[in-house]
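Subject: A structure for you to explore

Hi there,

Here is the structure I promised to pass on. Have a look through it first, and then read my notes below.

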Amino acid sequence: MPIHEPQRFAVDCPSRILFDQIADKWSMMVLTVLDAQPLRFNEIRRRLEGVSQKALTECLRRLERNGLLTRHVLATSPVSVEYEISALGRKLQKPFKALYAWTVEYLDEVETARRAYDERTTSANDARRERQPG
């Protein structure tokens with residue numbers, strides 16, 4: 001019978017670094033809003049409520065650096081930039097869509113688990129406070 005090593009994620013593992021860069025919330029959302037068509041920076045920002053200009057800029061640069069987006073400078077006045085999912089980025093759409101479908105399907109169960117956890121931890125914290133002298 002083969003012996004299997006437990007999964008280990010080294011700090012400098014290239015796959016861990018890539019996973020960190022594509023699985024953060026802004027990257028997944030950017031790739032989702034760009035799924036239908038290329039968009040300009042401000043169009044992306046308007047669709048991602050709560051993202052700062054700095055966070056979006058950094059996210060777009062990471063995605064471009066990893067080959068998941070292409071950046072096109074448009075000859076407009078003033079000059080503008082449009083972002084589009086690359087062929088490599090399109091290969092991520094299937095797993096991202098599966099993950100999104102999972103979140104929609106199981107959101108009620110997750111919410112139930114969150115409420116149960118919050119109730120347990122609130123009760124435990126209240127009990128600890130009651131036992132403390134004071």
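Predicted model: local features only at pLDDT ≥ 70, side-chain atom pairs only at ≥ 80, totals over all residues.

Helices (H or I, at least four residues) and strands (E, at least two) are DSSP runs, numbered from the N terminus. Two strands count as paired if DSSP finds at least two bridges between them. In general, strands of a sheet pair through backbone hydrogen bonds, either parallel or antiparallel. Here, three strands make an open sheet with the order β1-β3-β2, and the pairing is antiparallel. β1 (39–40) and β2 (69–74) are the edge strands, each pairing on one side only.

β3 pairs with β2 over six bridges and with β1 over two bridges.

A hairpin of five residues joins β2 to β3. Proline 78 sits in that loop, and a cis peptide bond links serine 77 to proline 78, with omega about -5°.

The core

A nonpolar core is a set of buried Ala, Val, Leu, Ile, Met, Phe, Trp, Tyr and Cys residues joined through side-chain atoms within 4.5 Å. Buried means under 20% relative accessible area, exposed over 50%, and partly exposed in between (1.4 Å probe, protein chains only). The largest such core has 23 residues, and Val30, Ile44 and Leu69 touch the most other members. Its largest share, five residues, comes from α2.

Contact means heavy atoms within 4.5 Å. Not counting residues up to four places away in sequence, valine 30 touches Ile44, Leu48, Leu56, Cys59, Leu60, Leu63 and Leu69.

Leucine 68 lies in the loop between α4 and β2. Is leucine 68 buried or exposed? Leucine 68 is buried, because its relative accessible area is 5%. Leaving aside neighbours within four places in sequence, its contacts include Ile22, Leu31, Glu84 and Leu92. Leucine 68 and serine 27 are 41 residues apart in sequence and 9.9 Å apart in space, C-alpha to C-alpha.

Happy exploring!

Methods
Residues numbered from 1 in each chain as written. Heavy atoms only, no water.
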